[in-house]
Amino acid sequence: MAEAPANSLSEAITRASELLATDPALAERQAKAILEVVPADPRAVLILGAARRRQGDFATARTILAPLARAYPRAAHTHYELGVALGA
(Lines give C-alpha, C1' and ligand atoms only; values in the text may rest on other atoms or scores of the structure.)
Protein backbone atom coordinates (compact mmCIF):
# COMPACT_ATOMS: atom_id res chain seq x y z
CA MET A 1 0.00 0.00 0.00
CA ALA A 2 1.51 3.34 -1.04
CA GLU A 3 1.91 6.14 1.45
CA ALA A 4 -0.20 9.23 0.84
CA PRO A 5 1.89 12.34 0.24
CA ALA A 6 2.43 14.50 3.29
CA ASN A 7 0.65 17.84 3.36
CA SER A 8 3.38 19.53 5.36
CA LEU A 9 6.93 19.16 6.52
CA SER A 10 5.70 18.45 10.03
CA GLU A 11 3.51 15.59 8.79
CA ALA A 12 6.38 14.17 6.73
CA ILE A 13 8.67 14.23 9.78
CA THR A 14 5.99 12.57 11.91
CA ARG A 15 5.46 9.80 9.35
CA ALA A 16 9.17 9.14 8.96
CA SER A 17 9.61 9.08 12.73
CA GLU A 18 6.77 6.60 13.17
CA LEU A 19 8.32 4.32 10.54
CA LEU A 20 11.51 3.92 12.57
CA ALA A 21 9.88 1.26 14.74
CA THR A 22 8.41 -0.81 11.93
CA ASP A 23 10.39 -0.11 8.75
CA PRO A 24 13.69 1.72 9.28
CA ALA A 25 14.63 1.36 5.60
CA LEU A 26 11.49 3.23 4.56
CA ALA A 27 12.09 5.79 7.33
CA GLU A 28 15.56 6.33 5.86
CA ARG A 29 14.14 6.87 2.36
CA GLN A 30 11.59 9.33 3.70
CA ALA A 31 14.23 11.22 5.69
CA LYS A 32 16.38 11.48 2.55
CA ALA A 33 13.39 12.77 0.59
CA ILE A 34 12.76 15.41 3.26
CA LEU A 35 16.43 16.42 3.18
CA GLU A 36 16.23 16.92 -0.58
CA VAL A 37 13.54 19.55 0.02
CA VAL A 38 14.83 20.97 3.31
CA PRO A 39 18.59 20.32 3.46
CA ALA A 40 20.03 19.85 6.95
CA ASP A 41 16.66 19.78 8.73
CA PRO A 42 17.81 18.48 12.13
CA ARG A 43 14.71 16.33 12.64
CA ALA A 44 15.23 14.58 9.30
CA VAL A 45 18.95 14.15 10.02
CA LEU A 46 18.08 12.55 13.37
CA ILE A 47 15.64 10.18 11.67
CA LEU A 48 18.26 9.31 9.05
CA GLY A 49 20.86 8.52 11.72
CA ALA A 50 18.38 6.55 13.80
CA ALA A 51 17.28 4.58 10.74
CA ARG A 52 20.89 3.66 9.87
CA ARG A 53 21.45 2.53 13.47
CA ARG A 54 18.32 0.41 13.46
CA GLN A 55 19.52 -1.24 10.26
CA GLY A 56 22.82 -2.16 11.93
CA ASP A 57 24.98 0.46 10.18
CA PHE A 58 26.49 1.88 13.35
CA ALA A 59 29.45 3.61 11.69
CA THR A 60 27.22 5.63 9.36
CA ALA A 61 24.83 6.36 12.21
CA ARG A 62 27.73 7.78 14.25
CA THR A 63 28.92 9.85 11.29
CA ILE A 64 25.45 11.34 10.88
CA LEU A 65 24.61 11.80 14.56
CA ALA A 66 27.89 13.13 16.01
CA PRO A 67 27.77 16.52 14.23
CA LEU A 68 24.07 16.82 15.06
CA ALA A 69 24.81 16.17 18.74
CA ARG A 70 27.53 18.85 18.70
CA ALA A 71 25.19 21.34 17.04
CA TYR A 72 22.35 20.58 19.47
CA PRO A 73 23.97 19.74 22.82
CA ARG A 74 20.64 19.72 24.68
CA ALA A 75 18.81 17.42 22.22
CA ALA A 76 18.14 14.34 24.33
CA HIS A 77 16.93 12.07 21.50
CA THR A 78 19.97 12.89 19.39
CA HIS A 79 22.34 12.08 22.25
CA TYR A 80 20.45 8.88 23.03
CA GLU A 81 20.71 7.68 19.42
CA LEU A 82 24.39 8.61 19.27
CA GLY A 83 25.05 6.85 22.56
CA VAL A 84 23.41 3.65 21.34
CA ALA A 85 25.37 3.83 18.08
CA LEU A 86 28.62 4.40 19.97
CA GLY A 87 27.89 1.50 22.29
CA ALA A 88 27.21 -0.93 19.45
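In which handedness of crossing does H2 pass H3?

Reply: H2 passes H3 in a left-handed crossing. Keep in mind that this is a predicted model.

Start with the geometry of that pair. The axes of H2 and H3 lie 8 Å apart, and the packing angle is about 155°. Angles over 145 degrees count as roughly antiparallel. H2 and H3 are therefore roughly antiparallel to each other. From H2, the residues in contact are Pro24, Ala27, Glu28, Ala31, Lys32, Ile34 and Leu35. From H3, they are Ala44, Val45, Ile47, Leu48, Ala51, Arg52 and Arg54. By class, this contact has 10 nonpolar and four charged residues, and no polar ones.

An α-helix has 3.6 residues a turn, so residues three or four places apart point the same way.

Ala31 is in helix H2. Its relative accessibility is 0%, so Ala31 counts as buried. Leaving out residues up to four places away in sequence, Ala31 touches Ala44, Ile47 and Leu48. For a sense of distance along the chain, compare Ala31 with Ala21. They are 10 residues apart in sequence, and their C-alpha atoms are 14 Å apart.

Next, H2 as a whole. H2 covers residues 24–37. Its 14 residues should span 20 Å at 1.5 Å a residue, and its end C-alpha atoms are 20 Å apart, which agrees. The buried residues of H2 are Pro24, Leu26, Ala27, Glu28, Gln30, Ala31, Ile34 and Leu35. They pack against H1 and H3.

Val37 gives a contrast within H2. Val37 is in that helix, but Val37 is exposed, with a relative accessible area of 68%. Val37 and Gln55 are 18 residues apart along the chain, and their C-alpha atoms are separated by 24 Å.

The loop between H2 and H3 holds Ala40. At 61% relative accessibility, Ala40 counts as exposed. Its backbone deserves a look. Most residues other than glycine have a negative phi. Phi of Ala40 is near 70°, a positive value in a residue other than glycine.

H3 has 13 residues and reaches 18 Å from its first C-alpha to its last, close to the 18 Å expected at 1.5 Å a residue. Of the 13 residues, 10 are buried, so H3 is largely enclosed by the rest of the structure. The buried residues are Ala44, Val45, Leu46, Ile47, Leu48, Gly49, Ala50, Ala51, Arg52 and Arg53. What covers them includes H1, H2, H4 (58–71) and H5 (76–87).

H1 is another partner of H3. Angles under 35 degrees count as roughly parallel. On the H1 side, Leu9, Ile13, Ala16, Ser17 and Leu20 make the contact. They meet Arg43, Ala44, Ile47, Ala50, Ala51 and Arg54 in H3. The residues of this contact divide into eight nonpolar, one polar and two charged.

That leaves H1 against H2. Their axes are 7 Å apart and the angle is about 155°. H1 and H2 are therefore roughly antiparallel to each other. Their crossing is left-handed. H1 contributes Leu9, Ala12, Ile13, Arg15, Ala16, Leu19, Leu20 and Thr22, while H2 contributes Pro24, Leu26, Ala27, Gln30 and Ile34. By class, the contact has 10 nonpolar, two polar and one charged residues.

Back to your pair, then. H2 and H3 run roughly antiparallel and cross left-handed. H1 meets H3 and also makes contact with H2.

Conventions: Residues are numbered from 1 along each chain as its sequence is written. This is a predicted model: local features need pLDDT of at least 70, side-chain atom pairs count only at pLDDT 80 or more; totals for chains, interfaces and linings use all residues. Side-chain values use heavy atoms; hydrogens and water are left out. Contact means heavy atoms within 4.5 Å. Helices (H or I, at least four residues) and strands (E, at least two) are DSSP runs, numbered from the N terminus. Ala, Val, Leu, Ile, Met, Phe, Trp, Tyr, Cys and Pro count as nonpolar, Asp, Glu, Lys and Arg as charged, and the others, Gly among them, as polar. The expected span of a helix is 1.5 Å times one less than its number of residues. Buried means under 20% relative accessible area, exposed over 50%, partly exposed in between (1.4 Å probe, protein chains only). Axes are lines fitted to C-alpha atoms, for helices over the stretch in contact, and angles run from 0 to 180 degrees between N-to-C directions. Angles under 35 degrees count as roughly parallel, over 145 as roughly antiparallel, 65 to 115 as roughly perpendicular and the rest as oblique. A crossing is left-handed if the near helix is turned anticlockwise from the far one by less than a right angle, and right-handed if clockwise.
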